[in-house]
Amino acid sequence: MKKWLFILGISSLISLGMNAQTNAGVFTSSIEEVHQKEAFFKKKGLTYDIDIEFGGKPYMSGKITQTTGADKIKIEKSDGATILYNGTTVVASGIAKEKLGGARFDIFTWPYFTGFPYKLNDPGTQWSEFGKKAWGNHQLNTAKLTFTSGTGDAPDDWYVVYQNPTTKILEGAAYIVSFGKGKEAAEKEPHAVKYSNFISVDGIPIPTKWTYHMWTPEKGYGQQIGEARLSNVLFLDKADFSKPQNAVEVVAP
């Protein structure tokens, strides 16, 4: 009897794993399809102007250029500072030593939000907790995204991804920022990003307004705390990712 219970238990675990994989495949592929993933990755890169504010104050303004796979990224800030990721290291010029940690956060964070619909099946991604949750006055499809150990600068980060059940568009995501403070502290104040003002660039939908909010699992996004606006969005055949003069390396914390 114990032997059969053990076998049934193993079978149930295998079944649960297969169901999770199936759910993840359906969930992510439907988002990727409506966001034109195949067409997106046929492009070499993209560039856009970005203006970000938090707490009613300017946070960053400038131009971001990145490959579609985000393996190379350049931020040219309006104050003259430059941050560059060449696929291996991060370097910066024109940024005070005490603010270099913020430069590393910026180079990975904002391009990640730009390419989020295309990052759902990156190496190290794990999916669970499929269901429906409130997002404003609507109930949207959701799933939780976590990462295997060693993935990126902040493998303890997680996202709850919200998908419109009708259009299949990625409406936004709840998330934590563990970079520089750890998971426990980050989970005390989870936030959400809400995508809107979509435009079509070469047939690919790009959200040009991202609002940032407080978040709870029960209600979804709440009070707005910040906003990012994109303009002059263009896809590129090539881009310059050469190292800026007087650049210093920005290492992970």
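Predicted model: local features only at pLDDT ≥ 70, side-chain atom pairs only at ≥ 80, totals over all residues.
How many nonpolar, polar and charged residues does the lining of the second largest pocket have?

Some overall figures. The protein chain has 253 residues, and 44% of them count as buried. It contains 4 helices and 13 strands. If we take the contacts with a separation of 6 or more, 48% come from residues 24 or more positions apart.

Now the pocket. The second largest pocket holds about 190 Å³ of space. Its lining, by class, comes to 6 nonpolar, 2 polar and 4 charged residues, which answers the opening question. By name, the lining residues are Tyr59, Lys77, Asp79, Ala81, Ile83, Gly94, Ile95, Ala96, Lys99, Gly102, Ala103 and Asp106. Helix H3 gives the most to this lining, with 3 residues.

Next, the interior. Nonpolar side chains in soluble globular proteins tend to be buried together. In this model the largest nonpolar core has 49 residues, and the members that touch the most others are Ile50, Trp110, Phe116, Tyr159 and Trp210. Helix H3, residues 100–114, supplies the largest share of this core, 6 residues.

Take Phe116 as an example. Leaving aside residues up to four places away in sequence, Phe116 touches Leu145, Tyr159, Val161, Leu170, Ala173 and Tyr195.

Which way do E9 and E10 pair, parallel or antiparallel? Strand E9, residues 170–175, pairs with strand E10, residues 191–201, in the antiparallel sense, over 4 bridges. Within that pairing, Gly172 has Lys194 in E10 as its bridge partner. E10 is also joined to strand E11, residues 204–216, by 10 bridges, and these two run antiparallel. There, Ala192 stands opposite His213 in E11. E10 and E11 form a hairpin with 2 residues between the strands, and in that hairpin Asp202 takes a positive phi near 55 degrees.

That is the end of the tour; I am happy to go back to any part of the model.

How values were computed: Residues numbered from 1 in each chain as written. Heavy atoms only, no water. Core = buried A, V, L, I, M, F, W, Y, C linked by side-chain atoms within 4.5 Å. Buried < 20%, exposed > 50% of the residue type's maximum accessible area, 1.4 Å probe, protein only. Contact = heavy atoms within 4.5 Å. 1 Å grid on protein atoms, 1.4 Å probe; cavity = no way out; pocket = protein on both sides within 12 Å on 5 of 7 lines; lining within 4 Å. Points joined across faces, edges and corners; volume = space filled by probe spheres on them. Nonpolar A, V, L, I, M, F, W, Y, C, P; charged D, E, K, R; others polar. Pairing = 2+ DSSP bridges.
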